[in-house]
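I began with the pockets and then turned to strands and helices.

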Amino acid sequence: MSAKTVADSQDKQEASQDVAGIQTHAARGWRLWLVLLLLLLIAGFIVGKMVSLNVQDQAFLQKQGDSRVLRTTAIPAHRGVITDRNGEPLSVSAPVATVWVNPKEFEAENPAVGKLAGLLGFNPAEVKEKIARYRNKQFLYLKRQITPDLAESVEALRIKGLYVDREYKRYYPASEVTAHLVGFTNLDGVGQEGLELAFEDWLKGVPGKKLVMRDLLGRTIKHIRQVEDVVQGKDLQLSIDLRLQYLAYRELKAAVSAHQADSGALVMLDANSGEVLAMVNQPSFNPNDRANLIPAMLRNRAITDIFEPGSTMKPLTVAAALMSGQYTTDSVVDTAPGFIRVRGRTIRDHRNYGELDMTKIITKSSNVGVTKLALSMHEDAVRNVFYNLGLGQSTNSGFPGEQTGVLPYVEKKRVVERATMSYGYGLSATPLQVAQAYLPFANKGVMPTVSLLKIDKPDSRVRVMPEDIADTVLGMMETVTNKGGTGTQAAVDGYRVAGKTGTAHKAASGGYKEDQYISVFAGIAPVSDPRIITVVMIDNPKGQEYYGGEVAAPVFARVVGGALRSLNVAPDKLAEGETQVVMK
């Protein structure tokens, strides 16, 4: 090989190496640019995402974050307080707490579950089984209306998924004494019976809302702001006087027990205003503990139960006779021989009283006397007076379940029904209606509206009979409690009392029960300036006594005597030689 050939070969090799080097350098530069481009793209994506999160999605992210720590919770509102006419509390709302869990979050295996069960009075296995059964739910009550101290102990367990809410529980300080009138609420604080139900819209509050921050255990750690204002319930002041209510309850309970009666009711009205000063029933119940409640105990018999008022209607019949113009106070009715036959029926007196004037008809409670009066008048005369005095219609007390009673229209030819109505059979009324019917006798013929709420003055006063006739009949009724009357056991030391006894067979399917009675006494005191009207009804006394003058009248005397003294009413019947001491 020549030298020239070798040189050419070397030149070619060098040239080839130079080309390869250039190519390698070019490839390395391209890859660097590619990596740089990728880095720029990644950086651009990151910057873009950050901009997006901080600008476009900021509200969404804020909401998502807040939803995990911020909660809108209710601010409980308490019901209005129910008080008596002197401001004594009858129904109040006490703070309590409710324990609930979110089964999806609840830590069933937390060691503190056993202690939780113990605090709430449960078996640990019972709690776990209950929560497991509702595992797919998000809300489950564990226990409601526990004390605030116990609630703090529960919260201190720090179990995830366990929550404690504050609420109110209704408490009734007078318990069974006012149970039938005040009624009660359910666990959610909604009225179920009595005036709690009747005035639900007035008493209930409207819960508010607030935004709070909670920790991972669901405990509120910060109050953020109030979203909606809470509206508290309004207070309600009743017309009853708690002192008289206790007195009436004690005496009625003792009488029902002593006479082994099925039940009893007592109503006391303010004679001037028509306000209900006391209303009690037997049997009663404790509204603070209704675990063993029997439905029959719930009835406010003074308003919801009707009965045939018997002879307590005779003063009304006599008033009808005087208003008819056919009779005067001196008119005489011959009741001999002590009975009268009406369309094959025999109506009897206890004995042959012979000739009786209008006063003696009431004093002796003569069935024959009022029968002759009723049958001699227009067929509607007695019924019209009964109706005008409120029988057969609502008292408009607003109490849930109030009965209007029955006051039938009686055709002229139905003389037996016309006769029996005159002495209180064939119609029915509540004790409250009977008390209302006596209001005109205490108000010179004017009847105010009955009220369960305290009022400054009656809503309306309607004249239902002439003043002189009302005063005359009131005087006739006073003879009932004096010597020779049927209601002497209703007399009250130091006070003049007017009233009327009533004893009626209990109605049964197809007739009357021969051995079961309703014993009644309705009266007004003191006669010189009437302050209270009281009706006592004892249902089916099973002892030796069953007449109204023996069973109901003594209750009237004890309750009315105590009430007049409590109200500081001056005596109007001091015995000769007695003096009244005035306290200064």
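I took pockets and cavities from a 1 Å grid over the protein atoms alone: a cavity is a set of points where a 1.4 Å probe fits but cannot get out, a pocket is an open set with protein on both sides within 12 Å along at least five of seven lines, and lining residues have an atom within 4 Å of a point. The model is predicted, with local features needing pLDDT of at least 70 and side-chain atom pairs counting only at pLDDT 80 or more, while totals for chains, interfaces and linings use all residues. Residues are numbered from 1 along each chain as its sequence is written, and side-chain values use heavy atoms, with hydrogens and water left out.

**Entry 1, the largest pocket.** I looked up the residues around the largest pocket and found 41 in its lining, with Asn367, Tyr423, Tyr425, Thr503 and His505 nearest the centre. The space in this pocket comes to about 1,200 Å³, where a volume is the space filled by probe spheres set on the grid points, which are joined across faces, edges and corners. By class, I noted twelve nonpolar, 20 polar and nine charged residues in the lining of the largest pocket; Ala, Val, Leu, Ile, Met, Phe, Trp, Tyr, Cys and Pro count as nonpolar, Asp, Glu, Lys and Arg as charged, and the others, Gly among them, as polar. Elements that each supply at least two residues to this lining include strand S19 (498-508) and helix H19 (548-566); helices (H or I, at least four residues) and strands (E, at least two) are DSSP runs, numbered from the N terminus.

I then turned to the second largest pocket, which holds about 890 Å³ of space. Its lining also has 41 residues, and Ala74, Pro76, Asp165, Arg166 and Glu167 are the closest to its centre. Which element gives the most to this lining? I found that S5 does, with nine residues. The classes here are 17 nonpolar, nine polar and 15 charged.

I followed S5 (residues 162-171) to S3, to which it is joined by ten bridges in the antiparallel sense; two strands pair if DSSP finds at least two bridges between them. Val99 has Val164 in S5 as its bridge partner. S3 also runs antiparallel to strand S4 (residues 140-146), with four bridges between them, and there Ala97 is partnered by Ile146. On checking strand S2 (residues 82-83), I found that it pairs with S3 (residues 89-101) over two bridges, again antiparallel. Five residues separate S2 and S3 in this hairpin, and Gly87 in the turn has a positive phi of about 90°.

I looked up another group of strands and found an open antiparallel sheet in the order S1-S8-S9. S1 and strand S9 (220-228) are the edges, each with a single partner strand, so one side of each has no neighbour in the sheet. S1 and S8 are joined by six bridges, and Ala74 has Lys209 in S8 as its bridge partner.
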